[in-house]
Amino acid sequence: MSKLGGATARVVKGALKARQTRAALTLTNEAVSRIRVLLAQQNNANALKIGVRQKGCNGLTYTLEYAREKQKFDEEVEQDGIKVWIEPKAQLSLLGSEMDYVTDKLSSEFVFRNPNIKGTCGCGESFSI
């Protein structure tokens with residue numbers, strides 16, 4: 001696995017539109033497009049892997065890495081031909097979340113809209129559950 005060069009992720013607290021079932025993670029069209037581009041640039045990456053680490057002023061932060069092989073307990077989310085694998089430690093914290101890719105004048109980043117979080121830090125990179 002290698003880390004995504006220069007990619008950032010931000011967490012947004014708040015509820016999403018009601019759904020009948022809670023998917024592990026849904027991807028917006030923008031996120032699918034960006035992941036497709038990133039994976040195409042990596043010769044040996046088959047998926048994007050999402051994890052969670054203890055870091056930041058609020059306790060947890062997401063990690064994004066290229067992955068070649070799915071591990072035994074990784075949750076697989078496949079949408080529009082794109083595979084995202086979620087590490088076991090991150091599965092409960094991501095349940096029902098939406099992953100988006102947002103670009104503005106100053107930055108481009110993945111944004112997780114997560115209904116499970118209780119708080120975020122000022123910069124939005126770390127969260128607590």
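The side chains of Arg-53 and Glu-87 meet in a salt bridge, 3.0 Å from N to O. Here a salt bridge is a side-chain nitrogen of Lys or Arg within 4 Å of a carboxyl oxygen of Asp or Glu. Because Arg-53 sits in strand 4 and Glu-87 in the loop between strand 7 and helix 2, the pair ties together parts that are 34 residues apart in sequence. Helices (H or I, at least four residues) and strands (E, at least two) are DSSP runs, numbered from the N terminus.

A word on the ground rules before going further. This is a predicted model, in which local features need pLDDT of at least 70 and side-chain atom pairs count only at pLDDT 80 or more, while totals for chains, interfaces and linings use all residues. Residues are numbered from 1 along each chain as its sequence is written, and side-chain values use heavy atoms, with hydrogens and water left out.

**Salt bridges**

How many salt bridges does the structure hold? There are four, and the table shows three of them, including the pair described above.

| Pair | N to O distance |
|---|---|
| Arg-53 and Glu-87 | 3.0 Å |
| Lys-49 and Asp-74 | 2.8 Å |
| Glu-98 and Arg-113 | 3.0 Å |

The bridge between Lys-49 and Asp-74 links distant parts of the chain: Lys-49 is in strand 4 (residues 47–54), and Asp-74 is in the loop between strand 5 and strand 6, 25 residues apart. Both Lys-49 and Asp-74 are buried, a word that means under 20% relative accessible area, with exposed meaning over 50% and partly exposed lying in between (1.4 Å probe, protein chains only). Back at the opening pair, Glu-87 counts as buried at 12% relative accessibility, whereas Arg-53 counts as partly exposed at 34%.

The bridge between Glu-98 and Arg-113 also links distant parts of the chain, with Glu-98 in strand 8 (residues 97–103) and Arg-113 in strand 9, 15 residues apart. A network of salt bridges connects Glu-98, Asp-100 and Arg-113. Arg-113 is partly exposed, at 26% relative accessibility.

**Aromatic pairs**

Rings of Phe, Tyr and Trp (its six-membered ring) pair if their centres lie within 6.5 Å; planes under 30 degrees apart count as stacked, over 60 as edge-to-face and the rest as tilted. The count comes to two aromatic pairs by this rule. Tyr-62 and Phe-112 form a tilted one, 4.3 Å centre to centre with 35° between the planes. Tyr-62 lies in strand 5 (residues 60–67) and Phe-112 in strand 9 (residues 108–114), 50 residues apart. Buried or exposed, where do Tyr-62 and Phe-112 fall? Both are buried.

**The hairpin and Gln-79**

Strand 6 (residues 75–79) and strand 7 (residues 82–86) run antiparallel and are joined by five bridges; two strands pair if DSSP finds at least two bridges between them. They form a hairpin with two residues between them, and Asp-80 in the turn has a positive phi of about 50°.

Gln-79 lies in strand 6 and stands opposite Ile-82 in strand 7. Beyond its neighbours within four places in sequence, Gln-79 is in contact (heavy atoms within 4.5 Å) with Thr-26, Leu-27 and Val-32. Gln-79 and Leu-27 are 52 residues apart in sequence and 7.3 Å apart in space, C-alpha to C-alpha. A polar atom of the Gln-79 side chain lies 2.5 Å from the backbone oxygen of Leu-27.

**Ser-93**

Ser-93 lies in helix 2 (residues 88–94) and is buried, with a relative accessible area of 7%. The Ser-93 side chain reaches the backbone oxygen of Ala-90 at 3.0 Å.

How values were computed: Polar contact = N/O pair within 3.5 Å; in protein donor to acceptor, adjacent residues only side chain to side chain.
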